[in-house]
Amino acid sequence: MVNCCGLITVKNKPVPLKSIAVEVSVQGHVATVSSTLQYENQEKSPLEAIFVFPLPGEAAVCRFSAKIGQTEVVAEVQEKQKAREQYDDSLSSGQQAFLLEESDESPDVFKLSVGSLPPGEKASVSLDYVTELAVQADDGLRLCLPAVLNPRYQPQGSDSGSGGSALVSSVPAASVPYSLSLTARVSSPHPICRVESNCPLDPLNYLNTEKTQATVSLAAGHQFDRDVELLLYYQDTHQPTAIVEAAQTSAKPGSLMGDPVVMLSLYPEFPKDVMSTMTSLGEFLFVVDRSGSMSCSMHNGSGAQDRIGSARDTLLLLLKSLPMGCYFNIIGFGSSYESFFPKSVEYSQKTMDEALQKVKAMRADLGGTEILQPLKHIYRQPCLPDQPRQLFLFTDGEVGNTKEVLDLVNANAGSHRCFSFGIGEGASSALISGVAKQGGGHAQFITGQDRMQPKVMQSLRFALQPAVVDISVKWNVPKGVSVTPLSPPIRVLFQGQRALLYAQLTGKSSGDTEGSVTVKYSLAEQPVENQLSFSLKPTEDTGLTVHRLGARTLIRSLEMEERQGDGEKKGVKEKVVELSVQSGVSSAFTAFIAVHKVDGEAVQGPMLRRQVPTPRYMGFRRPRKRNGTKVQREYMGCRRPRKRNGTKVQRDSDCPAPASNPVKDPLLQLISLQKASGSWVLEAALAEVLGKTEEEVAKPKPAPVDQEVWATVLALVWLYGFKMEAQEEWQFLATKAVSWIQAQKAASVSECVQAGNTLLGCQVQKDTLGL
């Protein structure tokens, strides 16, 4: 859709958007977000203002209205083409009109057209959406308000859909001429512990003594150099919950809006003995974005590493953490793609060393972000017997053909599981969350000062967990009540992860007011059952949030069915339009249209058109043309490195320069010295990490003990003694090391631990190490 990486400045062109005010209402695991955009035409002619902006990929837009003077016009949902025609007709007859539509290529980009605003006129446009909050590794619930829209890279030969043919005019954060304010009201069945953000917040204000309600605001002066992220921490986040929401009084019983809808938040409990065993099988494919944008910094703070540097460190950690006996490969992609090995290789000391040499040489030098071709290449390769294939996709996530990518992932979900990582500000949430959802994996976002490594290791832990199979969901409701599931079947469950399910409840029970849902599955050939009971009586007024999220879930499933070609014969598109109009929730096939019927004169000639600039994180340059052809590159403000006498010259760049000599992290140094088997060798480099000379390290070794066992015990004592805060990052390395020591059947291990403690000045118990 947004097919231009161009920089259209707002110099000499007044921007009609003056401010954005956002009000968020959080109820437990879901949120309603209301944005009000204030427009003013300070020019001498009527104008049309076009604003292309991001929303969370999983959001459902459910209300759109405009206020001109004292008159409010509420938009209605119509079939998209019909809405566009009505908008054009209204403008040409001199009426004011407002059109809001989802991009044809990506469900997280919207285009807002404010048409025929007379000179001196003010208009205030309001937009509401509902969204689920994602659960983070540390049990926080994440609400992201995307404020940064990076230009989406359009693959060669692709058509930019008419849905948002407006160019994105994107300017550096400092040049955005409108302000953003945000306030949030949080209510939860459980006490609210704290609220954190990547942006400065005013202090949290509790509204009751139980601490189940609070308000919080963004401190004034938001810079627009980042998406706004709120992390909410509740007590007992992992309690399963059910909300039954009353029907819309004006809707027909039996329709989705005319019946109660239930939302279940499930946290399946896995047997502990099974979860302590990690599988050592699998084919791990690490698919890494090497487009130009990956040379930008992780954040704007001092000492920031560049994105590709962070990806290199993460690959080092992943390669060291893989179990012996699995298979792996690394694929870098940009405008083209290249694999480290022609096909996946068995994990051994030799293949690990070879891969690490190539990781060190990895650069952000492959042009634009074309993700579809490498995925097609991967899916064409035959899978290895008894080695389930797992993809780890790392990208700063700015592609124009998101829906095509998601359809491909979905079509191959039976044989491939996908874990995705969105790096940096402005990564497309529709792409990152969608790939994980369609690929039965887990999505992580790495923004601001976040470290990539702990998040990636959590996903590796999920990938190595025994797979949950044969998942079934059974609804038990009283006689007279029937259940229509709105969510697609659950394909995947992870320990500690939440599954949200929506269902429509039709009919009435004569007596019983209790229902329940039973989730059954098989784990390591053991049958497991979890049950959650709920009251059929609707809870206190939640607006229609649950209905709208249920409708959104069903709409997304039907849209995918339509794109995969099953739609024509079943009238799926008509079903989506009908559901979208009935529920008032946006879809790919509908748009919101509001017309303010004024006695305006028909507009003569073209109206002034003003692009409202969208903030972007880094410097993008327009793709240059050669002989009239666009050069497909994405050096986001970074010129291609020039060569002088055959030598690459350091590029000059609008990206904040990463630290020139990043300090060597002793933890990463220690990790880089570990062997594929899990052991360490007694050598000068190890002694340096431990802060000793080689002689000081060799001297206290108990006599009967092998040097490699001694070195490995020392590395473990150092990790437990000095790096406990990063345990998530090195837990797999430590497990491998312990297994290796046990396989050596070494005598005097207790003596080794004692001598290691004395040498390093620690007090780590042998049991703590797992020995």
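Guide: The charged end of R194 sits over the ring of Y233, 3.7 Å from the ring centre (NZ of Lys or CZ of Arg within 6 Å of the centre and within 35 degrees of the ring normal). K358 lies over the face of F341, at 5.3 Å from the centre of that ring. This is a predicted model, in which local features need pLDDT of at least 70 and side-chain atom pairs pLDDT 80 or more, while totals for chains, interfaces and linings use all residues. Residues are numbered from 1 along each chain as its sequence is written, and side-chain values use heavy atoms, without hydrogens and water.

Rings also meet rings. Those of Phe, Tyr and Trp (its six-membered ring) pair if their centres lie within 6.5 Å, and planes under 30 degrees apart count as stacked, over 60 as edge-to-face and the rest as tilted. The count by this rule is 15 aromatic pairs. F51 and Y178 make an edge-to-face pair, 5.9 Å centre to centre with 75 degrees between the planes. The two residues are 127 residues apart: F51 lies in strand β3, Y178 in the loop between β12 (170–172) and β13 (179–187). Strands here are DSSP runs of E, at least two residues, numbered from the N terminus. F51 and Y178 are both buried (under 20% relative accessible area with a 1.4 Å probe, protein chains only).

F64 and F592 are likewise edge-to-face, with 6.3 Å between centres and 65 degrees between planes. This pair joins strand β4 (residues 60–68), which holds F64, to strand β32 (residues 590–596), which holds F592, across 528 residues. F64 and F592 are buried too. Elsewhere, ring pairs link F284, F286, F392, F394, F419, F421, F462 and F494 into a cluster.

Strands β3 and β32 both belong to an open sheet of 6 strands, ordered β6-β32-β7-β8-β3-β33, with mixed pairing (two strands pair if DSSP finds at least two bridges between them). Its edge strands, β6 (76–79) and β33 (608–612), each pair on one side only. Neighbouring strands in the sheet are turned by 20 degrees against each other on average, direction ignored; the axes are lines fitted to C-alpha atoms. β3 (residues 47–54), the strand of F51, pairs with β33 in the parallel sense over 5 bridges. Among the residues of that pairing, A49 has R610 in β33 as its bridge partner.

Key. Helices (H or I, at least four residues) and strands (E, at least two) are DSSP runs, numbered from the N terminus. Axes are lines fitted to C-alpha atoms, for helices over the stretch in contact, and angles run from 0 to 180 degrees between N-to-C directions. Buried means under 20% relative accessible area, exposed over 50%, partly exposed in between (1.4 Å probe, protein chains only).
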